[in-house]
Amino acid sequence: MFKFLPSDTVYAYPNASVLGNRACLDALEASGPQTEWGGPTALYIHVPFCASLCQFCGFAKSIDVRRQVLNRFTDEVCAEIDLMTSHFGLSKRAISAVYFGGGTASVLSPGQIERILTALRGAFHILDDAEMTFEGECRTLSRKGYLSDIRSLGFRRISFGAQTMDAPFRDILNLKPAIADLARLREEGEALFDEVCIDFIYGWPGLGLDHFRNDLDALLDIVNPSSVELFRFEKLESSPMFLQAMYAHGLKDLPTDVLVDQHRHARERFADAGFEQVSYSKFAKPGISSTYTYGGCFYGYDNGNVIGFGRGAQTFLDGRMWSFGLPEQEHADLLHRNVPPIGIFATYRLHEREAVSWPRRGFIAADRVPAYRDPEYIARLRVLEREGYIFHDGQRYRLTEVGRDWVPNLIHYIMPYAQRRHFRRDEWQSLLEGRCHDDAQQEQISVQLRDRLQQDYSAIYV
């Protein structure tokens, strides 16, 4: 049924339908929140700064990490928390998870992190057993006493990226930490935290199955993690100039069969090493993490909410999605005027994100399906069941072993058709426009690159 893998970047279903601050505020006021949502709520703090830029990453970030810049950012986040909680009546809402990410949250000092946490705790009711995660980078997390300071602030999980163990390729990607330092940080972190999760990437252009086998073996043998998030390389998240450099050096996009083989090998290799598959991307050893509250809220398969703060953060709250996706100066000016600095907006229905995103978790309760009032939805599930991607065990719809290799396609297939088209248009625009930060970069996108990417938009269904 499926021929090509679409982008795995279905982070933010639904996609934006309104752009610009005034239009977003009008749409927000007209929409109103849905009631009786019932799912958990997580808080996300996006720290859009990095000490150095990894070539493949497309998240909002800056390398200006001077103290005065980070102090100003901390002030802005605290102002956002105060403004948004009062504007939307969120005060003392129960919070099940808190996630500091980026960018690189560990560029912040413990004092700056504590200021933000104090503001969050003053505005919300963070539950005693809330999942507290801090995402950082090896060098900044390794500063003397830093891990102990983070632990004392209440964080019980940390996360950092290894991405690849191939030393020459790490140089190409501008990954600064030494491999030995990754292993040392993992060991130090596990002595303090309940979980240390390491990000790893498969599907690098030009690097086939044999290379990935060796790369994953090196991760397990040298770093010896107990929790891993496995992501596919996304050229739609990478800078166009980086892609051009990759292609110029003969590193070609991997065909779908190689990508599927790499993901299948990873699942088998993790299982052989004693890992359980917690979700589509997360693997952990028993006793480490049987749940991932923040992931369920962010991807939507737990019917949860996420309230985001910091430039670039997204919010999914009671049927409304918005993002602080405005230029830095406009963001600051709106905050100064006590205007919510929202630049992207969309709405979604109760149960919609759960119904679309459940393949990331691997199952959905059968009694949840009728709650999603899309007349074509059940018919789509029946097609997937007939084709062998999912099965119904009487209580749940579950992924088959084949279905686990095609999760991006399953999400793409079961989302509403109009949203599916919008999603693909957004992908194209995000590469040609949103990832370019100045006119000079925009001009670097060659006709050859445009042609190459347009070819990828051939039909993904046979």
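This is a predicted model: local features need pLDDT of at least 70, side-chain atom pairs count only at pLDDT 80 or more; totals for chains, interfaces and linings use all residues.
Which residue in E12 is the bridge partner of Leu317? In E12 that partner is Arg320, and the two strands concerned, strand E11 (residues 314–317) and strand E12 (residues 320–323), run antiparallel and are joined by four bridges. When I say helix or strand, I mean DSSP runs numbered from the N terminus, with at least four residues of H or I for a helix and at least two of E for a strand, and two strands pair if DSSP finds at least two bridges between them. E11 and E12 form a hairpin with two residues between them, and Asp318, in the turn, has a positive phi of about 50°.

Residues are numbered from 1 along each chain as its sequence is written, and side-chain values use heavy atoms, with hydrogens and water left out.

Let me turn to the sheet with E14 in it. This is an open sheet of three strands in the order E14-E16-E15, with antiparallel pairing, and its edge strands, each pairing on one side only, are strand E14 (363–365) and strand E15 (390–392). Neighbouring strands here are turned by 15° against each other on average, direction ignored. E14 is joined to strand E16 (residues 396–399) by three bridges, and Ile364 has Tyr397 as its bridge partner in E16. Helix H13 (residues 352–361) packs on this sheet, touching E14, E15 and E16, and its direction makes about 135° with that of E14. Helix H14 (residues 377–386) also lies across E14, E15 and E16, running at about 105° to E15. Contact here means heavy atoms within 4.5 Å, and the angles, which run from 0 to 180 degrees between N-to-C directions, come from axes that are lines fitted to C-alpha atoms, for helices over the stretch in contact.

Next comes helix H10. Its 17 residues, 256–272, should span 24 Å at 1.5 Å a residue, and this agrees with its end C-alpha atoms, which are 24 Å apart; the expected span is 1.5 Å times one less than the number of residues. Among the buried residues of H10 are Val258, Leu259, His263, Arg267 and Phe270, where buried means under 20% relative accessible area, exposed over 50%, and partly exposed in between, with a 1.4 Å probe and protein chains only. What covers the buried residues of H10 includes strand E6 (195–202), helix H8 (209–223) and strand E7 (227–232). After H10 comes Gly274, whose phi is positive, near 90°.

Now the interior. A nonpolar core is a set of buried Ala, Val, Leu, Ile, Met, Phe, Trp, Tyr and Cys residues joined through side-chain atoms within 4.5 Å. The largest such core has 105 residues, and those touching the most other members are Phe100, Ile113, Leu120, Phe124, Phe134, Phe155 and Phe309. Helix H2 (residues 67–87) gives the most to this core, with seven residues. Apart from this core lies another, of 18 residues, among them Trp37, Cys297, Phe298 and Val306. Leaving aside its neighbours within four places in sequence, Phe155 is in contact with residues including Phe100, Ile113, Met132 and Phe193.

Finally, some backbone details. Most residues other than glycine have a negative phi, and most peptide bonds are trans. The peptide bond from Gly102 to Gly103, however, is cis, with omega near 25°. Gly103 sits in the loop between strand E3 (94–102) and helix H3 (110–123) and counts as buried because its relative accessible area is 17%. Gly103 and Gly312 are 209 residues apart in sequence, yet 9.7 Å apart in space, C-alpha to C-alpha.

Two asparagines deserve a look as well. Asn224, in the loop between H8 and E7, has a positive phi near 55°, and at 36% relative accessibility it counts as partly exposed. Asn303, in the loop between helix H11 (293–299) and strand E10 (305–309), also has a positive phi, near 55°, but at 7% relative accessibility Asn303 counts as buried.
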